[in-house]
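Open the model in your viewer and keep the selection tool at hand. The tour goes stop by stop.

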Amino acid sequence: MFDWRWDFAYEILPRLLQATLNTLAAAGVGYGIAVVLGLVFALAQRTPSRIVTMVVRECVEFIRSTPLVLQIFFVFFVGPQFGIRLSPWVAGMIAIGLHYSAYLSEVYRGGLDSVPKGQWEACTALNLSTTKTYFRVIIPQALPPSLAGMGNYLVGIFKDTPMLSVIGVAELMQAANAIGGSNYRYLEPYTMVGIIFLAISLPAAGLIRVFEAWVRKKLGMN
Amino acid sequence: MSYWEFLAQNAPRYLDGTLVTIAQFFLSATLAILLALTAGLMKLSRNVAVRWTAGIYIEIFRGTSLLIQLYWIFFVLPLFGLTLDKFYAGFVAVGLNLGAYGAELVRGGIQSVPKGQWEAAYAISMSPAKRMYRIILPQALLNMLPPWGNLMIELLKATALVSLISVTDLMFEAKQINGSTFLSAQAFGTALIIYYIFARLIVTPFMRWLERVMARKLGRA
């Protein structure tokens, strides 16, 4: 069909699958950063200081409403201007982790807000420390409502990793570009990258639904 | 060179880029809204074939990355005899991608309209088209406007990717300025601020205003 060459497709498949591992690694590391940093952002908006809350809130809005690809360029190129050289991988992970931490902080915020006020009051009444209140009472209850959003952003970060190719991170898109450029054939690499993405993101979305239902059941909800 | 000198020197290029970004934003938003409405309604059809067609469109465009879709439309479609100019390829890709996300919002919005509204429209023997247009859609629209506000921000951000097929938008100009001045913090920082202003002071307030207007029109203000 339309000059599709199976032999070429088979030839480049191992290279694309190799790059898929890098894509998955990038998504995993970026998500790890985002999960932790997002919690920091969410909790920083709950301090008694209104100035801290406002500043953090505005930072989150800023990160959320500007393009990720521009942020990737910013992190990658601004470092060297001030004498800090970042490798594409490090710059890419910082940028994508930071971007998604802003999204995840909103998810956590929604989850934390959904915990009834009585739970907080009970913690005060029992004289629990702030750390204990959060880690033993509030966060376990805030987690299940946050899971859907967290899962969506896990798939989301995976689908945004191709943007890392703009600074030369050797992930799937970069591999497809390289193959296309050296062989003057773009049909097979780009189509196969699309199929690989579909083959991962669709089952992943399904698995996340299953996992979410399982957690809810484990915690005796719904 | 101070930042103000930098800005004075490069302001025309930033302005040109911003105008292209605005054009890309409006064109892709229009396309996304039309596609979302069509696919969202098709997803609710009784006909299996219609439902599946919309489902395949939605899953393909939500399951892969916008960047892949953009490259595919720009580099691969010409092999099938359909060559799009980069400017068109840019907003078509963004519109197709965000339209798929919007379709799910349309479907959810329509399904959130209480069943009694459908029954009431049926009881006064409205035609299906009239029922959808006069009764269901206005209420669905009100329900789905808040998530559409987020989607519009996503769309604005997505237009930055068209710079990668060398549409001369804001992102592209920022890269060019970075290349010629080597002042990366200023070059990319200015573009970030312009995107932020556009999102926070224009798109978001407009969507909030639209929500208020719609709520008032439906007597729910």
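Axes here are lines fitted to C-alpha atoms, for helices over the stretch in contact, and angles run from 0 to 180 degrees between N-to-C directions. Helices (H or I, at least four residues) and strands (E, at least two) are DSSP runs, numbered from the N terminus. This is a predicted model: local features need pLDDT of at least 70, side-chain atom pairs count only at pLDDT 80 or more, and totals for chains, interfaces and linings use all residues. Residues are numbered from 1 along each chain as its sequence is written, while chains are lettered from A and ligands numbered from 1 in the order in which they are written.

**Stop 1: a helix pair in chain B**

Select α1 (residues 3–43) of chain B together with α8(B). Their axes come within 11 Å and cross at roughly 55°. Now show the contacts (C-beta atoms, placed from the backbone, within 7 Å). On α1(B), pick B:Tyr3, B:Phe6, B:Leu7, B:Tyr14 and B:Thr18; they meet B:Gln186, B:Thr190 and B:Ile194 of α8(B).

**Stop 2**

Go to B:Phe182, in the loop between α7 (170–181) and α8 (184–217) of chain B. Its phi is positive, about 60°, although B:Phe182 is not a glycine. Is B:Phe182 buried or exposed? B:Phe182 counts as exposed because it has 12 C-beta neighbours inside 10 Å (20 or more other C-beta atoms within 10 Å make a residue buried, 12 or fewer exposed, and counts in between partly exposed; C-beta atoms are placed from the backbone).

**Stop 3: a loop in chain A**

Switch to A:Asn127, between α5 (117–125) and α6 (130–160) of chain A. Here too is a residue other than glycine with a positive phi, near 60°. A:Asn127 counts as exposed, because it has 7 C-beta neighbours inside 10 Å.

**Stop 4: the core**

The largest nonpolar core has 116 residues (buried Ala, Val, Leu, Ile, Met, Phe, Trp, Tyr and Cys joined through C-beta atoms within 7 Å). Select A:Val69, A:Leu70, A:Ile72, B:Leu155 and B:Phe188, those with the most contacts inside it. Then centre on A:Ile72. Beyond its neighbours within four places in sequence, A:Ile72 touches residues including A:Gly92, A:Met163 and A:Ile167.

**Stop 5: a helical span**

Finish with residues 190–211 of chain A, which are 100% helix. The end C-alpha atoms are 31 Å apart.

Terms used: Two residues are in contact if their C-beta atoms, placed from the backbone, lie within 7 Å.
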